[in-house]
Amino acid sequence: MSVRVERDKESGVAVVTLDRAGKHNAITLDMARELGAVWRGFRYEDEVRAIVVTGAGGRAFCTGIDRTAVGNVPQPSSPYTIDDPLLTIGPKANDLWKPVVSAVEGMACGGAFYLLGESEFLVAGEDATFFDPHTTYGMVSAFETVHMAQRMPYGEIARMALMGSAERISARRAYETGLVSELTPPGGALAAACEAAAVVASHPTEAVQGTVRALWSVKEAARAQALAHAPHLVALGNLPPDRQAELFGRRGAGFRTR
């Protein structure tokens with residue numbers, strides 16, 4: 001199992017850990033299914049009142065889908081639909097309205113935004129970095145930018161998506177622009193996220209879940225409409241897989257952190 005779940009009955013907080021540290025916690029197809037099952041299962045666990053999601057190892061929160069899994073996802077020929085295994089890895093996609101806090105250490109990029117975008121708030125270590133490499137490799141950043149567009153100012157999300165792998169947003173810059181709500185010393189994000197989650201879990205859960213649902217209702221219509229366009233944009237704008245692989249194989253080591 002590459003998704004580890006720990007529950008603290010005293011605090012009411014569960015910690016969900018992406019546990020593939022050797023692969024920067026990149027998500028396999030099995031992990032995607034595990035995450036969906038974990039979120040759906042929490043709906044029936046009354047003792048779990050708040051959740052923290054994090055990545056193992058400290059070098060990365062998550063680097064998106066494991067590229068070796070991409071070729072195992074058959075795609076329909078129609079430009080009006082796409083099979084994306086990451087669409088259902090987040091709590092809201094699985095109808096879970098218990099609050100989720102993300103604890104980010106190291107890199108968070110690409111498909112990680114499916115999880116970050118469905119969290120209530122983010123806590124990050126000072127050495128965390130955020131970036132979106134899609135355009136560098138000939139892929140449209142559609143789902144990712146939609147997920148993050150209402151967490152980041154337009155200019156910040158546009159710059160991150162368009163600059164691709166050439167630029168990384170520092171934890172400090174993410175804090176300054178509102179993506180991150182709390183900075184900690186490196187290695188401290190999980191403890192701080194659990195502390196905040198325990199406070200939330202101590203409140204009556206009906207009121208907490210209602211507040212989460214109310215907050216999401218503000219942006220749900222616009223988000224749903226934007227996501228409906230995403231499959232067409234991906235189908236029309238992505239390079240063929242062999243060309244993507246060629247670009248990926250020519251990855252440059254240089255990038256700048258802002």
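## The nonpolar cores

In this predicted model, the largest nonpolar core contains 47 residues. The residues with the most contacts inside this core are Val16, Trp39, Phe42, Ile51, Phe61, Leu116 and Phe130. Helix 1 supplies the largest share of the core, namely six residues. Apart from this core lies another one, of twelve residues, which includes Val123, Ala189, Ala197 and Ala201. In soluble globular proteins, nonpolar side chains tend to be buried together.

Leu116 illustrates how a core residue is surrounded. When neighbours within four places in sequence are set aside, Leu116 is in contact with Phe61, Ser102, Val104, Ala108, Leu122, Phe130, Met148 and Arg151. Two of these partners, Phe61 and Phe130, are also listed among the residues with the most contacts inside the largest core.

## Helix 1

Helix 1 covers residues 29–42 and therefore has 14 residues, which at 1.5 Å a residue should span 20 Å. The C-alpha atoms at its ends are 21 Å apart, which agrees with that expectation.

The buried residues of helix 1 are Leu29, Met31, Ala32, Glu34, Leu35, Gly36, Val38, Trp39 and Phe42. Among them, Trp39 and Phe42 have already been named for their contacts inside the largest core.

## The hairpin of strands 1 and 2

Strand 1 (residues 3–8) pairs with strand 2 (residues 13–18) in the antiparallel sense, over six bridges. Within this pairing, Glu6 has Val15 of strand 2 as its bridge partner. Four residues lie between the strands of the hairpin, and Gly12 takes a positive phi near 80°.

The whole structure holds twelve salt bridges. One of them joins the side chains of Lys92 and Glu120, with a distance of 3.0 Å from N to O. This pair links distant parts of the chain, 28 residues apart. Lys92 belongs to the loop between helix 2 (67–70) and strand 5 (100–104), while Glu120 belongs to the loop between helix 3 (112–116) and strand 7 (121–125). Lys92 has a relative accessible area of 9%, so this residue is classed as buried.

Glu156 is located in helix 5 (residues 154–163). Its relative accessibility is 10%, and therefore Glu156 counts as buried, given that the cut-off for this class is under 20%. Leaving aside neighbours within four places in sequence, the residues in contact with Glu156 are Ile169, Arg173, Thr177 and Arg258.

Two of these contacts involve arginine side chains. The side chain of Glu156 meets that of Arg173 in a salt bridge of 2.7 Å, N to O. This pair connects distant parts of the chain, from helix 5 to helix 6 (residues 171–176), 17 residues apart. Arg173 counts as partly exposed because its relative accessibility is 26%.

Which residues are linked in a network of salt bridges? The network consists of Glu156, Arg159, Glu167, Arg173, Glu176 and Arg258.

Methods. Residues numbered from 1 in each chain as written. Predicted model: local features only at pLDDT ≥ 70, side-chain atom pairs only at ≥ 80, totals over all residues. Heavy atoms only, no water. Helix = DSSP H or I, 4+ residues; strand = E, 2+ residues; numbered from the N terminus. Contact = heavy atoms within 4.5 Å. Expected span 1.5 Å × (residues − 1). Buried < 20%, exposed > 50% of the residue type's maximum accessible area, 1.4 Å probe, protein only. Core = buried A, V, L, I, M, F, W, Y, C linked by side-chain atoms within 4.5 Å. Pairing = 2+ DSSP bridges. Salt bridge = Lys/Arg side-chain N within 4 Å of Asp/Glu carboxyl O.
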